[in-house]
Amino acid sequence: LDFDERHNLSGILDYRFSEGRDYNGPRIGNSDILANFGANLQLTAVSGRPYTSNIRATQFGGTGIQGAINGNRLPWRFTLDLRIDKSFSLTAKNKKPLNLNVYFRVSNLLNRKNIQAVYPVTGSPTDDGYLATAEGVNVVNNIVTTGRSTQAYLNSYSWLVRNPDFYMLPRRMYVGAAFEF
């Protein structure tokens, strides 16, 4: 099936500093500066999903099936996410606990261009193969005969063929807070 992922590996590394007598982090004077502080790193590696290769390139796609249905695979995807946070107590002692957790989170920390789709003829996320076909060459030759700029057409086509949906989201950063009670 086209959503088959044979391998999905995840790893989480989480380190936290406690507070009070259990605190073992750095101190400045009598202040435990990293009390209730934590850092979390999550790695995800997923094998590529299958896709069906096509024989003949068309604009932004292809026709005819080459090989088996879902016989080709996309490349692996790797993602590294980071979250650092610190909790602050908002209540007096011997009261119901109310904390404010302030965090900074980065998704896709390494800003990898993970491919999640490709053009079915070339297997590339940036080239549909159309301009190399006889029909594509005729289109370019017709532009030459009209006197318009061939380079402008080729530049425009290369921008149109670069579909941002073929890639996973780039690095994103979030700052937030959450009440814990």
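Glycine 176 sits in strand S11, which spans residues 172-180. The model is a predicted one. Glycine 176 counts as buried, because its relative accessibility is 13% and the buried class lies under 20%. Leaving out residues up to four places away in sequence, glycine 176 touches Asn101, Val102 and Tyr103. Serine 156 is another matter. Glycine 176 and serine 156 are 20 residues apart in sequence, yet their C-alpha atoms are 40 Å apart in space.

**A nonpolar surface patch**

Val102, one of the residues touched by glycine 176, also belongs to a patch on the surface. The patch is nonpolar and consists of Phe88, Leu90, Val102, Phe179 and Phe181. Together these residues have about 580 Å² of accessible area. Leucine 90 lies in a loop, between strand S9 (77-89) and strand S10 (99-107). Is leucine 90 buried or partly exposed? Leucine 90 is partly exposed, because its relative accessible area is 45%.

**Two helices in contact**

Helix H1 covers residues 134-146, and helix H2 covers residues 150-161. Their axes come within 9 Å. They cross at roughly 140°. Which residues of H1 meet H2? Val139, Val140, Ile143 and Val144 supply the H1 side. Thr150, Tyr153 and Leu154 supply the H2 side. This contact divides into 6 nonpolar residues, 1 polar residue and no charged residue.

**Salt bridges**

Side chains of opposite charge can pair when their charged atoms come close. How many salt bridges does the structure hold? The number is 9.

| Glutamate 5 | Arginine 49 | 3.0 Å |

Start with glutamate 5 and arginine 49, whose side chains meet in a salt bridge. Glutamate 5 lies in the segment before strand S1 (8-16), and arginine 49 lies in the loop between strand S4 (37-46) and strand S5 (50-51), so the pair ties together parts that are 44 residues apart in sequence. Glutamate 5 is partly exposed, at a relative accessible area of 24%. Arginine 49 is partly exposed too, with 33% relative accessibility.

Is arginine 77 buried or exposed? Arginine 77 counts as buried, because its relative accessibility is 12%.

Glutamate 135 is partly exposed, with a relative accessible area of 40%. Arginine 56 is partly exposed as well, at 42% relative accessibility. Elsewhere, salt bridges that share partners join Asp14, Arg16, Arg83 and Asp85 into one network.

**Two asparagines with positive phi**

Asparagine 70 is not a glycine, yet it has a positive phi of about 55°. Asparagine 70 lies in the loop between strand S7 (61-66) and strand S8 (72-73). It is partly exposed, with a relative accessible area of 24%.

Asparagine 108 also has a positive phi of about 55° without being a glycine. Its place is the loop between S10 and H1. Where asparagine 70 is partly exposed, asparagine 108 is buried, with a relative accessible area of 5%.

Where does tyrosine 167 lie? Tyrosine 167 is in the loop between H2 and S11. It counts as partly exposed, because its relative accessibility is 21% and the buried class lies under 20%. Not counting residues up to four places away in sequence, tyrosine 167 touches Lys113, Asn114, Ile115, Gln116, Pro125 and Thr126.

Definitions and conventions
Residues numbered from 1 in each chain as written. Predicted model: local features only at pLDDT ≥ 70, side-chain atom pairs only at ≥ 80, totals over all residues. Heavy atoms only, no water. Axes fitted to C-alpha atoms, helices over the stretch in contact; angles between N-to-C directions. Helix = DSSP H or I, 4+ residues; strand = E, 2+ residues; numbered from the N terminus. Contact = heavy atoms within 4.5 Å. Nonpolar A, V, L, I, M, F, W, Y, C, P; charged D, E, K, R; others polar. Patch = residues over 30% accessible without salt bridge, like charges linked within 9 Å, V, L, I, M, F, W, Y side chains within 5 Å. Areas by Shrake-Rupley, 256 points an atom, 1.4 Å probe, with all protein chains shown as cover. Salt bridge = Lys/Arg side-chain N within 4 Å of Asp/Glu carboxyl O. Buried < 20%, exposed > 50% of the residue type's maximum accessible area, 1.4 Å probe, protein only.
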